[in-house]
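Q: Can you walk me through this one? I'd like to start with the ligand and then turn to the strands.

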Amino acid sequence: MKFRAPGRVNLIGEHTDYNDGYVLPVAIEMETVATARPAAAMRFSSTSNPPPGWESYVLGVEKQLRRRAVPIPNLDIEFSSTLPIGAGLSSSAALEVSAALAFIAAAGFELPAMEIAKLCQQAEIETVGLACGIMDQFISLHGRANHAILLDCRNLAWRPVAIPEGITLVIADTGVKHALASSEYNTRRKECEAAGAALGVKSLRDATHDGGYKRARHIITENARVLSFVEALATDDRRALGELMAASHESLCTDYEVSCHELDAMVAAAQQCPGLIGARMTGGGFGGSTINLVETSEANAFATKLAELYPGVSIHVTKAANGAGRQSP
Ligand code: GLA
């Protein structure tokens, strides 16, 4: 049995998921495939050269499922992935979700997709110590071809939002991942909780004024930008899309302080490339990738020019893909 689970790129709504806010991610074509066979003992292997310790993500998922009394039999699971590691494209969520689907099916079990997303998120929090939100695991399961998904992280209501024709997603990986990424991530989460408490709200989703807290200002303005962005997609207002992405990047840079020199340089370089609709950093920050919305007719010219302006960039031209599932043999 084979199960595929895609990586993701977030169009807008960054660091809002753990503040009960809105996100607008897309599942991408790069993915992880888990091939599972019955075996005498549990065995995990990978054909894609993952970093040391990768098995802990799989064990973390297994543990979460056993906690929910899923009777997983012994399996030999071979993973293979087209997702780059450390590029901020959720290779870990793809690994977790592909493993979860294999375990659940082998146990003859069924679980709602949102439950699978939650238990994979829990595995990530416990295994890696990253107090992440639900966005990455959610979108790996719920992605839809040619659509982004608007998720309200407060009540987990979601709906697909069509990406207008003629828009191509160009991911530009800076190739850097700064060591402070996960400690700063957890710090931001605490800062948001503290700002929320000072403002007298349960989460920053409910804050209506920032009270001078920069972190709160980012969350308040970013949530508003997600909703405006959904509008702009519906009316195919490419100028508005570009302005909202620029404002999101600026806010992540100045108010939330999770960007870095390389991401800023990549966003700046994109402004000089043909066909750009909008560019911003995507994911947790401190390295990783930018997301560029580009006129499809100019996508190749855009990529060529960006590689000229930012030597060493890894460029992935992709489109919105379907969420995880069983792959026919
Ligand atoms: C990481 C986390 C997500 C989300 C983003 C930032 O990808 O795993 O839950 O918080 O950062 O938007």
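This is a predicted model: local features need pLDDT of at least 70, side-chain atom pairs count only at pLDDT 80 or more; totals for chains, interfaces and linings use all residues.

Q: Which residues surround the ligand?
A: Among them are Arg-8, His-15, Asp-17, Cys-132, Tyr-185 and Gly-284.

Q: How far is the Tyr-185 side chain from a ligand oxygen?
A: An N or O atom of that side chain is 2.5 Å from an oxygen atom of the ligand.

Q: And what about the backbone of His-15?
A: A backbone N or O atom of His-15 is 2.7 Å from a ligand oxygen.

Q: How much of the ligand does the protein cover?
A: The protein covers 94% of the 310 Å² of accessible area that the ligand has on its own. Those areas come from the Shrake-Rupley method with a 1.4 Å probe.

Q: New topic. In what order do the strands of the open sheet run?
A: The order is 2-6-7, with antiparallel pairing. Strands are DSSP runs (E, at least two residues), numbered from the N terminus. Two strands pair if DSSP finds at least two bridges between them.

Q: Why is one side of strand 2 and of strand 7 left without a neighbour?
A: Strand 2 (22-23) and strand 7 (157-162) stand at the edges, each with a single partner strand, so one side of each has no neighbour in the sheet.

Q: How many bridges join strand 6 and strand 7?
A: Six, and strand 6 covers residues 147-152. Ala-148 has Val-161 in strand 7 as its bridge partner.

Methods. Residues are numbered from 1 along each chain as its sequence is written. Side-chain values use heavy atoms; hydrogens and water are left out. Helices (H or I, at least four residues) and strands (E, at least two) are DSSP runs, numbered from the N terminus. A residue is near a molecule or strand if one of its heavy atoms lies within 4 Å of it. A polar contact is a pair of N or O atoms within 3.5 Å; within protein, one must be able to donate a hydrogen and the other to accept it, and residues adjacent in sequence count only if both atoms are side-chain atoms.
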